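Please read it alongside the model.

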Amino acid sequence: MAKNIVIVGAQWGDEGKGKIVDILTKNADVVVRFQGGNNAGHTVIVNDEKFVFHLMPSGILHKDKACVIGDGVVVDPEVLVGEIEVLEEKGIFNGDNLHISKNAHLIMPYHKRLDISKERLKGKQKIGTTGRGIGPAYEDKAARVGIKCGDLLDEKLFRAKLKRNIAEKNHYIQNVLHQVGFETHEIYHKYMEITEKIAPFIKDTSFFIYKAMMEKKKILFEGAQGTLLDIDHGTYPYVTSSNTTAGAASVGSGIGPTRIDKTIGITKAYTTRVGEGPFPTELDGKEADRLREHGGEYGATTGRPRRVGWFDALALRYAARINGLDGLVITKLDVLDNLKKIKVCVGYKYNGKKITDFPTEASVLNACTPIYETHEGWLEDTSRIKKFDKLPEKAQRYIRRLEELSGVKAVMISVGAARDDLILIKNPFSR
Ligand code: GDP
Ligand code: IMO
Ligand code: MG
């Protein structure tokens, strides 16, 4: 039996990770977020009630399971407290099952300001970030000036680090951006107030996970963003500032890579992307509008309309390689139900030649034209179907083709946003 499973986005994010993590939490004991921050927006719909989690692991609706915000996450404590309060009001959160790494870096108010201002300065070259301060927080972490969640527990140390950071940031904010700077005492008081709420949860989460593993508990690692947004392996510079791929589950939660049993990639039956950057199979005009409306493709974090396009087999095969995928979850199959023709990109034309391996360079991708194969649509409602062999034959063939092109078998097919809208082929926790 597989005990420790990593879930990652296999595309540019928003593949439906939240829904799948919520479902798999039933079989797990601990759910761990290991990277990213509240740039993530993970939707879970239960009994017609919709939750969008930005920092909370998507397993949090299962009261008896432990949820961990791991070392590799960047935490905006205001957002976290907001999420805690919503869950408290609904009687879902009791404080026993949340564990926040003392090593997780804090997103500070100046990170948000810098994120937004730097994007504005970039003009046409902007990345289209979520404006949540993710990049600047990871910059400070790499520059070794970041402030960690654990620092909140030592008021003096926190104040000293804050003071140093503000002096440096204000220099840039006032002299380069010509904006009003930040005041140490204001942020200090605000963060100390927040600390009262979260201090009990801040701990050595790597040790917590280790102990759970020693007790033979099952751990689900919940990735945020997607493979193509990975800072090393994505479409740089149009990426986020963390490693979003499966390897990050180990470093981002402080467990050895040998402990991971399986890696599962989530992919939509088509493709979406939010923000700027290359997207070879992108659609425009009416065709795009239709897919966007049917799929409800609006950002869960920023509400921005998502860019939409056909399924890209080169990108998925690449994700399978980079993450070492053992299984696929294909989501939003139902969104294609009313299409007469469905295209799948099986190659790119680049400089007059056909290529079949995904290039990550933005300049190369921008010069690629997709080569498509066209599938007949099934034109039937799949949203109530619970068994693979009950799917229309054309839908089965479509799925089989995606498996063939990516070299990875589907373990689940999602046919709607709710928990029950699922075809389970093979439980990832089974052997
Ligand atoms: P995540 O960031 O990967 O967790 O994905 P998001 O929550 O940002 O976006 C996925 C969106 O698709 C959410 O609105 C989900 O409720 C919805 N969703 C997930 N799976 C399905 C599905 O199989 N069919 C449909 N129609 N919607 C789905
Ligand atoms: P989930 O976990 C989709 C995108 C942004 C932008 C780029 C950099 O819900 O799948 P950042 O704020 O991280 O510096 O922005 O990354 N992005 C996402 N796109 N889903 C996400 O998260 C994303 N998180 C960041 O739109 O293009
Ligand atoms: Mg999302």
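## Metal site

Gly41 is buried, at 12% relative accessible area. Asp14 is partly exposed, at 22%. (Buried means under 20% relative accessible area, exposed over 50%, partly exposed in between, with a 1.4 Å probe and protein chains only.) This is a predicted model, where local features need pLDDT of at least 70, side-chain atom pairs count only at pLDDT 80 or more, and totals for chains, interfaces and linings use all residues. Residues are numbered from 1 along each chain as its sequence is written, chains are lettered from A and ligands numbered from 1 in the order in which they are written, and side-chain values use heavy atoms, with hydrogens and water left out.

Asp14 (OD) and Gly41 (O) coordinate the magnesium ion (ligand 3) at 2.1 to 2.2 Å. Donors are N, O and S atoms within 2.8 Å of the metal (3.2 Å for Na, K and Ca); water is not among the atoms, so sites may look incomplete.

## Ligand 2

Gly41 also meets ligand 2: a polar backbone atom of Gly41 is 2.9 Å from a ligand oxygen atom.

## Nonpolar cores

The largest nonpolar core has 59 residues, and Phe158 and Ile198 touch the most other members. Such a core is a set of buried Ala, Val, Leu, Ile, Met, Phe, Trp, Tyr and Cys residues joined through side-chain atoms within 4.5 Å. A second, separate core of 53 residues includes Ile219, Phe388, Val408 and Val415.

How values were computed
A polar contact is a pair of N or O atoms within 3.5 Å; within protein, one must be able to donate a hydrogen and the other to accept it, and residues adjacent in sequence count only if both atoms are side-chain atoms.
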